[in-house]
Amino acid sequence: MKAVLCQKPGVLEVVERPSPGTPEPGWVRLAVRHVGICGTDYHIFEGKHPFLEYPRIMGHEISATVLEAGDGVALAAGTPVIVNPYLSCGNCVACRQGKPNCCTNIKVLGVHTDGAFCEEITVPAGNLYAAKGLSVEAAATVEFLAIGAHAVRRSMAPAGSRSLIIGAGPIGLGAAIFSRIAGHDVTLLDTSSERLQMASERFGFTSGIVANDGTAEAVKAKTDGESFDAVFDATGYGPSMEKAFRFVAHGGALVLVSVVKDDIRFSDPEFHKREMMVIGSRNATRADFEHVADSIVKGLVPVDKLITHRTTLADAPRDLARWAHEKTGLIKAVIKVGA
């Protein structure tokens, strides 16, 4: 089969690799249809991922169709599926609590093990969800949108809450969309006025704040001085995560959607007087994937406006390398793999 291999930072090429072959019991061999390009993939290409071993086949935002099911799996050939790329152990403390998204031994396709920038993969049947009512291209957006949907669910903020999403990249936009679906009054905060304008024009998020020296006052003005009930930081930038504490209302929640290697520092008096919650959000669960898929089918998620760039497996080495640096207008790029 053909695959796009990242040999080392900065080097992508189309190679021939052996097909996976007959799946083990409980596993399924899939024909990859579409795969999204994630920020993680750009980081791997640029050599910025701290724990990655090269060479690596990237790709974890996957739609596929069943080619062959292993023993004990009742999935017919040709069935369209969404792939959950988080391979969990099933035995650790997190898995036993129904939280495989934060499994202590987690392996993510395309990061810890080879992913879906290729024609075929095999995965456990439990990581496959029905793609009923979704196009194969739309199904490839479910994983990245589920990150934001999971963060919103983690916030526990009820309908009518005022929410602030910091960072208007793909993950932040996903969080904003599912915050709106949850009935929140959504405001976006970003350093780029162009991104905020894009979010307004393409997705209807008309409440925006440009991050600058006047941000704190702008937050007060947007909320009658009360700050936001739920704040989501999706920047992947430590100083932004630290500043986010001051934007949370008394009794509110701060959800850290992105992760950084830095220590995060905050004022304990400011934290305590708010009786606020600080919540980590990692990956997503089956419930989040299904919520996203259902929301797309219902027309609540404008997938056609999220996908801005498209390529093929053959052209992916050229295009991914270009898009790693040319970000203007880029929200989500998708690789078409299978027919």
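**Close-up views of a predicted model**

**View 1. Ser 227, a buried residue with positive phi.** Ser 227 has a relative accessibility of 9% and therefore counts as buried (buried, under 20% relative accessible area; exposed, over 50%; partly exposed, in between; 1.4 Å probe, protein chains only). Its phi is near 70 degrees, a positive value in a residue other than glycine. Ser 227 lies in the loop between helix 7 (215-222) and strand 13 (228-233); helices (H or I, at least four residues) and strands (E, at least two) are DSSP runs, numbered from the N terminus. The structure is a predicted model, in which local features need pLDDT of at least 70 and side-chain atom pairs count only at pLDDT 80 or more, while totals for chains, interfaces and linings use all residues. Residues are numbered from 1 along each chain as its sequence is written, and side-chain values use heavy atoms, with hydrogens and water left out.

**View 2. Backbone geometry at Pro 55 and Met 156.** Tyr 54 and Pro 55 are joined by a cis peptide bond with omega of about -5 degrees. Pro 55 is placed in the loop between helix 1 (39-46) and strand 4 (61-69). Met 156, although not a glycine, has a positive phi of about 60 degrees. Met 156 occupies the loop between helix 4 (142-155) and strand 10 (162-166) and, at 59% relative accessibility, counts as exposed.

**View 3. The largest nonpolar core.** This core has 95 residues, of which Leu 30, Ile 82, Phe 117 and Ile 296 touch the most other members; a nonpolar core is a set of buried Ala, Val, Leu, Ile, Met, Phe, Trp, Tyr and Cys residues joined through side-chain atoms within 4.5 Å. Helix 4 gives the most to this core, with 8 residues. A second, separate core of 17 residues includes Ile 209, Phe 228, Val 260 and Met 276.

View 4. Asp 288 is in helix 10 (residues 286-297) and counts as buried at 2% relative accessibility. Neighbours within four places in sequence aside, Asp 288 is in contact (heavy atoms within 4.5 Å) with Ala 146, Ala 149, His 150 and Arg 153.

**View 5. Salt bridge between Lys 2 and Glu 16.** The side chains of Lys 2 and Glu 16 form a salt bridge (3.4 Å, N to O), defined as a side-chain nitrogen of Lys or Arg within 4 Å of a carboxyl oxygen of Asp or Glu. Lys 2 lies in strand 1 (residues 2-8) and Glu 16 in strand 2 (residues 11-16), so the pair ties together parts 14 residues apart in sequence.
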